[in-house]
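Here are my notes on this one, written up as numbered points. Have the viewer open while you read.

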Amino acid sequence: MAASGNRNEASAGGAPSLIGSSGDSLREAFGKALVDLARNRPEVVVLDADIAGGTGVHHFRKAYPERFYQCGIAEQNMMAVAGGMAATGLVPFVTTFAVFCLRAIEQARLSIAYCRRNVKIVASHPGLDVGPDGASAQALEDLAAFRAIPGMVVVSPADPLEMAQATAAIMNYRGPVYMRTGRSPARRVLGDDYRFELGRGRVLRDGSDVTLVACGVEVARALDAAQLLDAQGISARVVNMATIKPIDTELLVRCAEETGCIVTAEDHNIFGGLGSAVAEALVQTSPCPMEFVGVQDVFGESGEPDELAEKYGLTGIFIADAAQTAIKRKIAR
Amino acid sequence: MELKTIACRVRRSALQMIYHAGSGHPGGSLSPAEILTWLYARELGLDPARIDAPDRNRFVLSKGHGCPALYAVARHVGLLDPGQLSGFRKIDRDLQGHPNIGTTPWVETSTGSLGQGFSAAIGIALGLRHQQIAARTYVLLGDGELQEGEIWEGAMFAAHYHLDNLCAIIDYNKMQSDDLNANIMMLEPLREKWSAFGWQVIEIDGHDFGQIEKAFGEARETRGKPTVIVANTIKGQGISYMAGNPLWHGSVKLKPEELVRALRDLQTPEIDIEGYVNGSIW
């Protein structure tokens with residue numbers, strides 16, 4: 001990224017040693033990576049609102065108790081306190097559930113983003129992936145809301161390996177970042193040679209008939225969809241778009257031109273998130289038929305993450321169906 | 001220069017800025033004039049040449065709408081070029097309608113959404129202590145601002161972390177946008193609330209420099225907990241037709257004759273009044 005900081009050389013190669021075990025949730029991967037990465041970065045502090053075990057920063061608390069600040073159940077104060085701490089040169093990681101980041105979004109807007117503070121907001125429990133806690137805890141609006149704040153970088157990694165690399169990258173980037181982790185065990189979908197780069201999407205599987213663009217837990221499901229489509233004789237390209245803002249327009253334009261249609265997939269409302277970001281990027285130069293897989297502007301409910309993904313249309317089969325629709329629209333043009 | 005003289009000039013400049021901007025909040029810019037004058041002339045000890053020194057004392061105007069007074073005091077202690085005041089609330093100029101860190105390095109955090117400056121100041125105090133920097137942090141709160149829940153989140157937090165390098169001042173002018181505090185949402189018993197939250201509480205007349213000096217001295221000596229100075233003030237202080245009248249809280253457009261009357265109340269030399277009105281004096 002053009003605006004990124006001066007320590008990027010440390011981000012790509014230095015994959016933290018603790019991370020990457022398959023089956024780790026993204027929050028665990030984040031929490032473990034943070035311990036590794038903060039070892040030689042004394043300016044990194046963590047702020048928690050009484051859910052360290054839920055966000056993964058209990059690892060940090062154990063490793064560096066003197067750098068861990070318990071803020072109590074008071075997210076608005078926590079968010080603006082982080083802005084103030086950053087004003088003194090520290091690099092605060094503010095951690096809570098995604099839905100409580102929404103609660104404190106005005107503090108993130110004024111005391112962090114408008115002040116251009118070097119604060120990292122790391123949100124666990126995004127989307128329907130939250131599961132049984134139900135709709136009150138399932139943030140389906142956070143990508144839209146944080147994406148609309150000027151200067152805010154928005155990231156949603158796909159698997160434990162990428163989570164660790166993204167944690168390194170946002171630590172090295174100078175400026176405000178909102179990053180989604182995840183609650184449920186995450187599938188490893190990326191190979192050991194994968195390299196996350198802030199602001200860049202990655203083609204995980206090549207294809208020529210349609211491009212599936214996904215972020216977070218939906219990347220694994222997009223890969224499932226590509227397999228289903230393959231069995232139907234359709235060649236689907238899969239792009240992991242882990243940085244939602246700034247979005248990789250160059251890659252999207254190439255995919256639109258080479259495959260002629262796009263399906264986006266996200267564990268988020270279809271309004272304002274990844275799908276909207278992709279559409280905004282393409283409509284200016286390379287409009288093409290697009291389909292949006294996501295939650296259809298409704299609230300979720302209690303249930304296991306997989307059950308909810310099935311009920312609300314987020315699994316591979318729905319992505320594959322959307323791809324069929326997009327391809328039909330492409331041919332009809 | 002005598003503190004009283006500076007405070008008087010701060011009031012003149014604040015009202016002049018609001019007049020030329022065609023909008024701005026006069027009432028809440030007048031009530032903290034002595035407090036701000038004390039902070040910038042005596043307490044903070046800021047060096048304009050080293051304004052970004054890591055060990056500088058910090059001040060946050062959490063009641064950001066009172067910024068005409070902040071800009072005015074900055075101008076009268078040499079932190080701000082006098083000509084800058086003419087740009088208040090104007091496009092392509094530096095002095096925003098609410099404080100912004102952008103081009104005014106002595107503004108420590110952007111404010112204007114009540115409650116946030118308090119939390120940010122707490123974060124600054126904590127960040128300084130974390131890095132064993134001995135500097136102090138001051139934050140000015142409005143009284144209506146105390147109705148924000150975030151204030152009480154912050155009050156708990158600062159006491160929990162024993163932030164004795166933090167001093168809050170409440171500009172207790174008893175009025176807010178629409179009416180008296182007591183009619184909008186009761187704040188009393190105010191001293192007891194802060195005391196119960198674990199703060200050292202000092203109550204003073206916020207227009208009396210003797211009491212102000214003593215209170216800030218006591219705050220500096222207080223160990224193990226943050227201090228709040230409850231400064232009883234008069235909204236619109238110094239201007240006969242504004243004092244104690246909530247109508248002058250909100251953003252208003254001052255008429256030329258209103259500015260002239262206010263300048264006379266502030267003992268402005270007759271020979272200068274025209275210059276304040278036409279903008280040849282700042």
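Predicted model: local features only at pLDDT ≥ 70, side-chain atom pairs only at ≥ 80, totals over all residues.

How many salt bridges are there between domain 1 of chain A and domain 2 of chain A? The count is one.

1. First, the layout of chain A. On the contact itself, domain 1 of chain A puts in 28 residues and domain 2 of chain A puts in 32.

2. Now the salt bridge. Glu280(A) pairs with Arg147(A), and their closest N and O atoms are 3.0 Å apart. Polar contacts are another matter: between domain 1 and domain 2 of chain A, 18 residue pairs qualify, with both residues at pLDDT 80 or more.

3. Area next. Domain 1 and domain 2 of chain A bury about 2,200 Å² between them, and 56% of that is on carbon and sulfur atoms. Arg147(A) turns up again here: with Leu128(A) and Leu140(A), Arg147(A) supplies 33% of the area that domain 1 of chain A buries against domain 2, more than any other three residues.

4. Which elements carry the domain 1 side? In chain A, helix 8 (142-147) and strand 5 (153-155) each supply at least two residues of the side of domain 1 that touches domain 2. Helix 8 of chain A gives the largest share, four residues. By class, that side of domain 1 of chain A has 15 nonpolar, six polar and seven charged residues.

5. On to the two chains. The contact draws 26 residues from chain B and 25 from chain A. Chain B and chain A bury about 2,100 Å² between them, 54% of it on carbon and sulfur atoms. On the chain B side, Gln116(B), His130(B) and Glu153(B) lose the most area to chain A, together 27% of what that side buries.

6. What about charge pairing and polar contacts there? Between chain B and chain A the salt bridge count is zero. Eleven residue pairs are in polar contact across that interface, both residues at pLDDT 80 or more.

7. Finally, the make-up of the chain B side. Helix 5 (116-130) and helix 6 (149-160) of chain B each supply at least two of the residues that touch chain A. The largest share, ten residues, comes from helix 5 of chain B. By class, the side of chain B that touches chain A has eight nonpolar, 15 polar and three charged residues.

Methods. Residues numbered from 1 in each chain as written. Chains lettered and ligands numbered in written order. Heavy atoms only, no water. Contact = heavy atoms within 4.5 Å. Buried area = accessible area lost by both parts, 1.4 Å probe. Salt bridge = Lys/Arg side-chain N within 4 Å of Asp/Glu carboxyl O. Polar contact = N/O pair within 3.5 Å; in protein donor to acceptor, adjacent residues only side chain to side chain. Nonpolar A, V, L, I, M, F, W, Y, C, P; charged D, E, K, R; others polar.
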